[in-house]
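This report goes through one protein model, from a feature of its surface to its overall build and then to selected residues. The sequence and the structure come next.

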Amino acid sequence: MVQKQSSANGIALVIVESPAKAKTIGKFLGSGYTIEASIGHIRDLPEGAKEIPEEYKGQDWAYLGVNVDRNFEPVYVVSKDKMQQVRKLKAALKSAKELYLATDEDREGEAISWHLCEVLQPRVPVHRLVFHEITKEAILEALESPRKIDENLVRAQETRRIIDRLYGYDVSPLLWRKVRPRLSAGRVQSVAVRLIVERERQRMAFRSATYWDLLGLFAKAGGESFQAELISVGGRKVPESRDFDPATGKLKDSALLLLDEAAAKELLARLRGRAAKVAGVEVKPYTTRPYPPFTTSTLQQEGNRKYGFTARHTMQLAQYLYENGHITYMRTDSTNLASVAVDAARAIIAAQYGAEYLPERPRFYQTKVKNAQEAHEAIRPAGHPFDFPESLRGRLSPDQFKLYDMIWKRTVASQMSDARGQRITISVEVDGAVFQVSGKTIEFPGYLRAYVEGSDDPEADLAERDIVLPQVAVGEALTCKDLEPKSHTTQPPNRYSEASLTRTLEEMGIGRPSTYASIIDTILAREYVFKIKRGNVLVPTWTAFAVSQLLESHLPDLVDYQFTAEMEDELDAISRGEMNPTEYLTHFYFGNEHPGLKKLLANKIDEIDAREVCRIPLGTPEGGEKIFIRVGKYGPFLEQGERRASLPDKLPPDELTLSSANELLDKAGQGDEPLGICPDTHKPVFVKTGRFGPYVQRGTAEDEEKPQNASLLKGMTVEDVDLATAIKLLSLPRALGNHPAGAMPIEAFNGRYGPYVKCGEDTRSLPEDISPLDVTLDQAVYLLSQPKTRRGGAPATSAKKEPLKVFEASPVTGQPVRLLAGRYGPYVTDGTTNASLPKDAAPEEITFEYALTLLEARAAAGPGKRRPVRRKAAAKKAAPVKKKAAVKKTATKKP
């Protein structure tokens with residue numbers, strides 16, 4: 001926090017959410033202010049049974065943390081990790097003459113301010129400060145006109161929180177029982193998963209079609225040439241991709257002329273050498289208008305489209321830029337610009353681009369969202385005049401600079417003149433066959449000079465957008481210089497990327513753009529979806545299919561798109577004071593003319609057949625039995641009658657065809673046939689394929705002892721494994737003999753990260769050309785005598801590593817913030833919290849302010865989940881432990 005000297009008449013305490021924001025505001029306020037940070041929410045609904053206050057334990061509703069029997073009163077608790085901060089704020093308030101709550105201006109920020117008042121119980125005047133940007137002018141203006149806490153916004157946030165708790169805590173246990181443990185359901189999350197699953201179903205049902213046409217090269221008498229594609233023959237139109245039914249691969253209109261390869265070549269032979277002439281020339285002027293300034297949603301979409309940023313990374317960068325006074329508030333549905341921002345943009349246009357790029361009047365953009373609940377201005381550079389991007393290059397990390405540059409250009413471009421040009425279409429006729437080509441020329445680039453959507457180089461993009469065609473006249477003779485047959489194959493609908501999913505959710509009115517980043521994080525973390533490098537798209541897992549199938553069949557309203565969008569409208573109405581939150585919650589949970597959530601879920605445990613909801617039909621091969629995908633406790637697998645086969649992890653569902661499924665089932669069947677009998681144990685030895693790849697197994701499930709398994713070595717295939725190789729793999733770890741120096745045994749292992757040798761606690765990785773099946777004692781002794789290296793070849797050292805950077809003291813812990821090189825990559829720490837650097841962040845570019853932003857985000861996310869300890873191991877190591885002191889809880893009624 002930023003500490004100011006107290007004045008003789010006492011100080012004013014200003015509370016914000018984050019240390020970085022506190023540091024920036026501290027630069028603008030005088031000695032009569034102390035600025036502290038709450039570090040996000042200081043209290044919330046209890047996360048589990050351990051956090052439920054004793055007085056409520058035993059109540060039927062206690063697991064929810066919401067008293068559904070008493071007007072949905074929430075139980076709020078101050079978590080253990082926030083108690084120290086609460087004590088610090090209370091101590092600071094004791095010497096304050098006034099309290100200013102300067103949290104963010106959205107519903108979440110309003111709720112944080114309300115909770116601070118409820119917990120701190122101030123006995124001094126309380127003022128609510130609201131500002132769109134962290135500049136001196138904005139802060140001083142807010143001090144001149146403070147307001148009271150908006151109870152409607154608080155109730156809207158609280159209602160949303162309670163709705164999400166009721167949905168998540170009542171529906172998720174159903175998924176645990178019927179699909180698999182540790183899954184979660186959510187009001188927006190489950191709908192997002194359904195969207196992704198539906199798109200994959202469309203891809204699975206898609207049937208491709210192949211069609212042919214001709215590409216001609218035509219030239220004028222003067223030598224200028226151009227290419228044109230065949231569009232019709234004898235008056236019959238040649239089809240395009242959209243003319244085929246995606247479900248059957250057949251033409252929608254039989255009147256179209258479908259050419260195969262032979263027909264295309266036959267047509268080519270007929271047209272070769274025939275006269276060509278210009279059949280038509282169409283010239284149309286066009287005008288395009290600039291894009292509106294960024295909202296939260298469009299910023300996330302463009303960051304993903306232009307730079308490949310995830311929604312989470314974009315919001316972290318924007319949070320940093322906002323809290324350090326570079327941009328306005330980044331959670332907004334509005335496309336409006338303040339008059340000072342419009343003036344600043346117009347001044348830049350006149351000075352940098354010229355008068356012809358400046359419209360006569362300013363441009364104003366209408367916000368399409370019915371109730372833009374966030375900030376009342378678009379995301380733009382803070383202050384006026386705007387800081388030029390180049391002036392900040394040395395003060396921002398590369399990604400921070402990219403985002404600021406993008407926001408700056410989009411804001412300026414939004415006030416520039418329209419782009420103008422011409423679209424030209426030329427038709428060429430050759431013996432009844434018509435070829436066509438379209439071109440475009442930009443006569444005046446207008447706003448495109450500053451900003452082109454999806455491009456980080458407007459000048460280069462402008463050059464590529466110009467498709468210049470030669471000047472021709474109708475009836476003009478041309479020479480057909482070449483004809484080439486071209487094959488085309490229709491493509492399935494694209495999967496959702498983060499950008500397109502965000503756009504679709506916003507267009508449907510589902511959820512809030514400020515929550516999309518956390519929703520995408522959640523569905524990735526819960527393994528409902530995974531990403532593939534090919535296009536950086538979101539691919540649903542079979543678990544997502546099973547969960548969507550369950551909800552669609554048994555709780556359809558909860559994943560209905562219109563129902564979910566209407567919920568957003570109703571929550572907006574609460575924020576405007578037009579709807580009573582208690583009545584709304586009662587209708588949602590207990591029902592009225594329609595059954596509520598509680599009644600919908602009643603008896604579902606008994607009604608739902610887990611086997612059916614976890615069974616996804618794939619199809620029936622010719623002359624065979626139907627094949628299903630089953631989602632089991634240990635992962636998905638194929639089922640055909642009595643046949644079973646594991647499915648590889650990360651296999652996109654649309655790539656699982658009947659033929660590939662049959663192949664997997666056949667291989668699994670071969671795995672049921674032993675390679676032979678182990679001469680030592682007299683047990684059968686198999687080679688099998690599981691969800692994590694191929695492996696060998698000795699023994700069967702029917703044996704008294706558990707079968708022994710061993711993974712194949714890296715690069716080894718099922719075809720490489722015979723009985724002798726399988727027995728060698730099963731012999732690992734393999735005893736090589738005793739070390740000549742200490743007589744300790746040396747063994748060879750095939751580990752998770754590759755093969756290695758071990759003597760006592762000392763280990764060394766094996767080189768790629770030495771197998772653990774063949775390594776000798778002498779080779780192992782030599783390797784163990786060499787200096788230890790880390791993966792990748794870097795020498796290992798036991799000496800304590802020096803920090804890469806040391807910053808000033810953390811305003812939270814008081815300890816220096818350090819940038820360290822960790823085993824899994826660089827990270828920052830304040831002595832209490834560790835935060836990894838984003839993959840695309842260069843350590844040398846990290847600033848103190850950005851480090852604080854990363855630490856704050858990590859602290860707000862809560863402690864990481866530890867892997868559960870196996871019971872047997874834990875029992876051996878168990879030791880008496882003292883009981884922990886009870887954590888004080890705070891229960892509060894809703895406003």
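Which residues make a nonpolar surface patch of about 240 Å²? The patch is made by Val281, Val283 and Val474. The model is a predicted one. Valine 281 belongs to strand S10, which spans residues 276-288. Its relative accessibility is 34%, so valine 281 counts as partly exposed.

**Overall build**

The protein has 895 residues, and 49% of them count as buried. Its secondary structure is made up of 26 helices and 31 strands. Taken along the principal axes, the C-alpha atoms fill a box of roughly 95 × 90 × 70 Å. Among the contacts with a separation of 6 or more, 67% are between residues 24 or more positions apart. The accessible surface amounts to about 45300 Å², and carbon and sulfur atoms contribute 49% of that area.

**Salt bridges**

The structure contains 53 salt bridges. Three of these pairs are listed here with their distances.

| Pair | Distance, N to O |
|---|---|
| Arginine 147 and glutamate 110 | 2.8 Å |
| Aspartate 654 and arginine 495 | 2.5 Å |
| Arginine 630 and glutamate 639 | 2.7 Å |

Arginine 147 and glutamate 110 meet through their side chains in a salt bridge. How are the two partners covered? Arginine 147 has a relative accessibility of 31% and therefore counts as partly exposed. Glutamate 110 is buried, because its relative accessible area is 0%, and buried means under 20%.

The side chains of aspartate 654 and arginine 495 also form a salt bridge. Here too the pair links distant parts of the chain, the residues being 159 apart. Aspartate 654 sits in the loop between strand S19 (643-646) and helix H22 (658-671). Arginine 495 sits in the loop between strand S13 (477-489) and helix H14 (498-508). Both residues, aspartate 654 and arginine 495, are buried.

In the pair of arginine 630 and glutamate 639, each residue is buried. These two residues are also part of a network of salt bridges, in which Arg611, Glu612, Arg615, Arg630, Glu639 and Arg644 are linked.

How many of the eight residues of helix H1 are buried? Seven are, and the helix, which covers residues 19-26, is thus described as mostly covered. The buried residues of H1 are Pro19, Ala20, Lys21, Ala22, Thr24, Ile25 and Gly26.

Pro19 is also touched by leucine 852. Leaving aside residues up to four places away in sequence, leucine 852 touches Pro19, Pro811 and Val817. Leucine 852 is located in helix H25 (residues 848-861). With a relative accessibility of 5%, leucine 852 counts as buried. Between leucine 852 and leucine 101 there are 21 Å in space, C-alpha to C-alpha, and the two are 751 residues apart in sequence.

**Backbone features**

Most residues other than glycine have a negative phi, and most peptide bonds are trans. The following residues depart from that pattern.

Histidine 384 and proline 385 are joined by a cis peptide bond with omega at about 0 degrees. Proline 385 lies in the loop between helix H10 (339-352) and helix H11 (389-392). Another cis peptide bond, again with omega at about 0 degrees, joins leucine 732 and proline 733. Proline 733 is in the loop between helix H23 (723-730) and strand S24 (734-738).

Phenylalanine 72, a residue other than glycine, has a positive phi near 60 degrees. This phenylalanine 72 is in the loop between strand S3 (66-67) and strand S4 (73-74). Histidine 682 likewise is not a glycine and has a positive phi, of about 60 degrees. Histidine 682 is in the loop between strand S20 (676-677) and strand S21 (684-690).

Is phenylalanine 72 buried or exposed? Phenylalanine 72 counts as buried, because its relative accessibility is 1%. Histidine 682, at 62% relative accessibility, counts as exposed.

Technical notes
Residues are numbered from 1 along each chain as its sequence is written. This is a predicted model: local features need pLDDT of at least 70, side-chain atom pairs count only at pLDDT 80 or more; totals for chains, interfaces and linings use all residues. Side-chain values use heavy atoms; hydrogens and water are left out. Patches are made of residues with over 30% relative accessible area and no salt bridge: like charges are joined within 9 Å, nonpolar side chains (Val, Leu, Ile, Met, Phe, Trp, Tyr) within 5 Å. Accessible areas come from the Shrake-Rupley method with a 1.4 Å probe; for residues, only the protein chains shown count as cover. A salt bridge is a side-chain nitrogen of Lys or Arg within 4 Å of a carboxyl oxygen of Asp or Glu. Helices (H or I, at least four residues) and strands (E, at least two) are DSSP runs, numbered from the N terminus. Buried means under 20% relative accessible area, exposed over 50%, partly exposed in between (1.4 Å probe, protein chains only). Contact means heavy atoms within 4.5 Å.
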